[in-house]
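Take a moment with the sequence and the 3D view before reading on. This report then walks through two of the chains.

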Amino acid sequence: MPNASSVRSPAPTALPHLPRSVPLRIGLGLLLVLLLAYPWIAPGGYLRYAGVLVVMYAVLSTSWSMVGGFTGYVSLGHAAFFGLGAYATGIGVVTLGLPHAAAFVLGVLVVAVFAAVAGLAAVRARGASFVIVTIAMVTMLSLLAQDMTWLTGGSAGLQVPGAVAGISRTGNHALFFYLFTVLLLFALLTWWFIDRSRYGAGLKAIREDEEKAEALGVPTTAYKVAALTVSAAFTGAAGGLYAMWFGNLDPIFVFSLVLGSSMVLMALLGGSRYLLGPTLGAFVVAPANEYFLTQHGESQLHIILSGALLFVVVLFMPEGVIPAVQRALRRFRPQSASIREQTQQELHESRGAAT
Amino acid sequence: MRDRGPLVTSLAAFTLLTTLSACSTPEDPTAGAEGGAAGTFDAGAAGLEGEPVRIGISMPLSGDFSEPGIGVRQGYETWAAMVNESGGLLDRPVELVFRDDASDPNKVVSDYESLITQAKVDLVFGPFSTRLVIPAAEVAESYDMLFVEPAGASDEVFEQGFEYLFYAAPAVASDHYDNLADYIEKLPADERPRTAAYASLDDPFAQDTAYGLKDRMEAAGVETVADEVYPPGTTGFTAIAARIADTDADLVVGGTQFEDSVGLVRGFQELGYQPRMAAFSTGPTIPEFEEAVGGATEGIISPVGWSPSADYGQNADFVARHTELHGAPPSEDAANGFTTGEVVAAAVEEVGCAEQGRKCQKALADHIRGAETETIVGPLRFDEQGRPQSAHLIQQWQADGPEIVLPDDDARTGDLVHPKAEW
Amino acid sequence: MPSLSLLAQGLALGVLTGGVYALLASGLTLYFGVMRVVMVAHPAFLFLAAYITYFLHAVTGMDPLLTAVITVPLFFLLGVGIQRVLVARIPQESLAMMSVLLTFSLALLIEGGLGYVATGSYRSITVDYATTSLHLFGVAFPYDRLIGFGLAAATFIAIFAVLRLTRLGKALRATIQHPDAARLVGIDTAKVTGIGFGIGLATAALGGAVLSIIDPFFPAAHWDYIGKLMAIIVVGGLGSVRGAAIAALILGTIEAVVQVSGGATEAGLMFYAFLFATLLLRPQGFFGGRLAERF
């Protein structure tokens, strides 16, 4: 278990705890520079649009892993939080006439409160019922958003005016690319802090054996509800940004089980127990989706492909590609060293056998 | 995380992938042309020289709207084939570039963003389903692309202030039943329905059709005795049918798509409810309808935007060529696709350009706004917001299949039977 | 307020539809019972069965219900295969969660595959007995739902007979109640679990045949059933065959009564209201009782 060591790890001493190794710092810096430069590397409308979607998915899968990764509770219904955040923000702008920033904050708050309440019902039942509740949340909110036409615009959709008046479409994409990137960094930072905290250790204990954790004094219900609330708040924040960026909300598309399952797929594919795993997953799956859509978009192959990908990940690498690659690297890298050792050992043995 | 191995690994992979995704994955400009080939319809443009006029279209080839989506696509293909056979557009061959949107608005926007900015198509046509038209039209609007579309007919579409959007059919959704309303208003008092029941899918298009008729009926003094709205994804319609049947209304109106129209008709049959007049949108015009309701079609009324037998423009050629190309006669959706092509083609030939840029595209839009175009659904004019100004025909299923019964002009093929036969 | 006759009609339709729901949900309780697996792909398998029924009916002219002779054994084997080859691969400690994702991927594969092979077109089967009703006391009992109800009843009787009267049933019940103890007394729990899964999927074959004559269907139709069926098995008590049947009848009835007196959206929301109420008041379900006491 890769987390065994981190369970024991003490709380961080210095707060902005940058990794110490030089290649890692360079790597992180390079990554950030690359991310920030992306809208200028890719000035075209579509590339920027796809870039926003990819970073948005990275936020979503990272948020998902705050529950799925730490506690092991699989939620198929994070689209409920996404959609609720989007609608609350949109309604804040359209109906309440709030400034965009205030509406965004309102959206995040609404989602956090909803998640805390729904979470109480959801985590009362362990395992299977939790998944069912998350599925039910999506279908239920979809029905409600569809029905409450006076508030949500119903099936005609909710048109949310853009955050900056008169900005060009590609300029708007660049703006939201950065906003989503900031949100992603914030989500990663939160993940990092939880991972290194006592609280994070408690969540992981729940994942490994909930009964034992409880016996050892971990307040499991409170911990789980808190994890779900934080995770939902970030998901809702992504929804809020989405509402202002995309500008058009439709109940049956925003509250979608398929959206929820993509978050899971991305997080698992990258590795939901690793800081950058879900981001990595999003950076693989979302561009792949776009690629298949634009290149082979005339058939239903893309549904089959996403199903097949999930299938492979669940059966063959449930820990994600990070440990898989790591294992491969370990086998590859130390091998050059170990070959000699082994040869020496073999030599020794053969010598011993000879004598 | 004490162990730094995973972090290094993920960083390495992450950097690699960011580079990859930035440079290659979401399609470089040339990939549009090549990759698009997978979804391109090469419409026998053998004899034509010169750069093709490339037209980008997003279509729901999978997902909830895929069924009518296929019809629209076939209509587009027939249009392209016929244009290429008769000398092309501005003497250039036409090439259609299709993308699947999986009935998902994020993908619709992806499609049009990539078609316009990556594949750099010269023109775009609209997608299918009202729910997808607004996000798609916003993309076209912000890149100054003419956006003639075959499906977005609900009121909201025309209230967004779009400059480039036109709906290529005779009338918007709320006017679909106008001819039927006129007919009912003229009926002698003892034949007129006294009560009406409405059941509609919660969908902007379906609801607008039913409520358009409801407004007219209420104004004419027909009492509304039931007004049911059910959400998408409803399974089982018998209980909803029971509620309608209980009112025993003279007129039943369904703001329906396909499975709900079938479910309601089957439900009415099972419950033994026999209204004097029954009207459903969309469902009864889809070829699978007759089999799905077990042949109990006689007397069912629907608004249609097009008739295979109408004597407008190239209609006869369209029906013949379409049947030849696709092995089946065209549906109304196919005709809508074809009409879209006709409206755009007329503007392109008149203005003399088909390329990106505000100058050409605005000229095309202005032309369409000012002109009357001859199409297979009759002459089309548009108002400032892109609403077509004609009226839908009224179709009624009769013993020998669907007949056009209203309005009382050349396109008519039969008389409206009222009250309808029992089902 | 709806008239008395309308309420009676709603009640009749509700009970019949509830029976159909019971049939559709019965497999879910078996998977959960034998393996603690939430099979999200069950509705997708229902529609896979509906498509197979459709094509058998279209090609050979067989009666759609008669095709069960072919589809039931086929789905049984498929179910055993899925359990033995796929689900059994998942480590026990992550089974509850990962099996959901695995079966979700199966649902996507089935939906995509059906779309690829059969296109997204609506399909429907009409049989002459499916659009008429039995009229009793001014209330219509549609034959298609009566058939569905009858099949559901027959299926439940069969499942109970197997569980109660056969050696296999004893082994199944033992495996459901306590797999470790069952293994200790010499039951081949791996095999028994596979069979339990197979029976669960076999019910999907029957359910699909019933669905195919009731409503038109298309590849993405399974999404509309996932929420409802999941709510039913939670309200009934996860893993309890009897509880799910009772919950299906009650929720089906409430749905139809609300549909005729309130509205369709409210009717749909009933499933989730009951789901949340169950989890808050009685997380083990209303009709299941303790797992060990079921059956």
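Predicted model: local features only at pLDDT ≥ 70, side-chain atom pairs only at ≥ 80, totals over all residues.

Residues are numbered from 1 along each chain as its sequence is written, while chains are lettered from A and ligands numbered from 1 in the order in which they are written.

**Chain B: confidence and domains**

Start with pLDDT, the predictor's confidence in each residue, from 0 to 100. Chain B averages 86, and 87% of its residues score at least 70. Over residues 1-38 of chain B, pLDDT stays under 50.

Chain B has domain 1 (25-171 + 312-380) and domain 2 (175-304 + 392-406). These bounds come from an automatic or database domain assignment. Taken over C-alpha atoms, the centres of the two domains of chain B are 31 Å apart. Ten residues from domain 1 of chain B and twelve residues from domain 2 of chain B take part in the contact. Two residues are in contact if their C-beta atoms, placed from the backbone, lie within 7 Å.

**Chain B: backbone details**

Most residues other than glycine have a negative phi, and most peptide bonds are trans. The table lists exceptions in chain B.

| Site | Feature | Value |
|---|---|---|
| B:L406 to B:P407 | cis peptide bond | omega near -5° |
| B:H418 to B:P419 | cis peptide bond | omega about 0° |
| B:D91 | positive phi | about 60° |
| B:D144 | positive phi | near 55° |

B:P407 sits in the segment after β15 (401-406) of chain B. B:P419 is also found in the segment after β15 of chain B. B:D91 lies in the loop between α3 (66-85) and β3 (94-100) of chain B.

Is B:D91 buried or exposed? B:D91 is exposed, because 10 other C-beta atoms lie within 10 Å. A residue is buried with 20 or more other C-beta atoms within 10 Å of its own, exposed with 12 or fewer, and partly exposed in between; C-beta atoms are placed from the backbone. B:D144 has 17 C-beta neighbours inside 10 Å, so B:D144 counts as partly exposed.

**Chain C: overall form**

Chain C has eleven helices and two strands. Helices (H or I, at least four residues) and strands (E, at least two) are DSSP runs, numbered from the N terminus. The C-alpha atoms of chain C fill a box of roughly 60 × 50 × 35 Å, taken along the principal axes. Buried residues make up 62% of the 295 residues in chain C.
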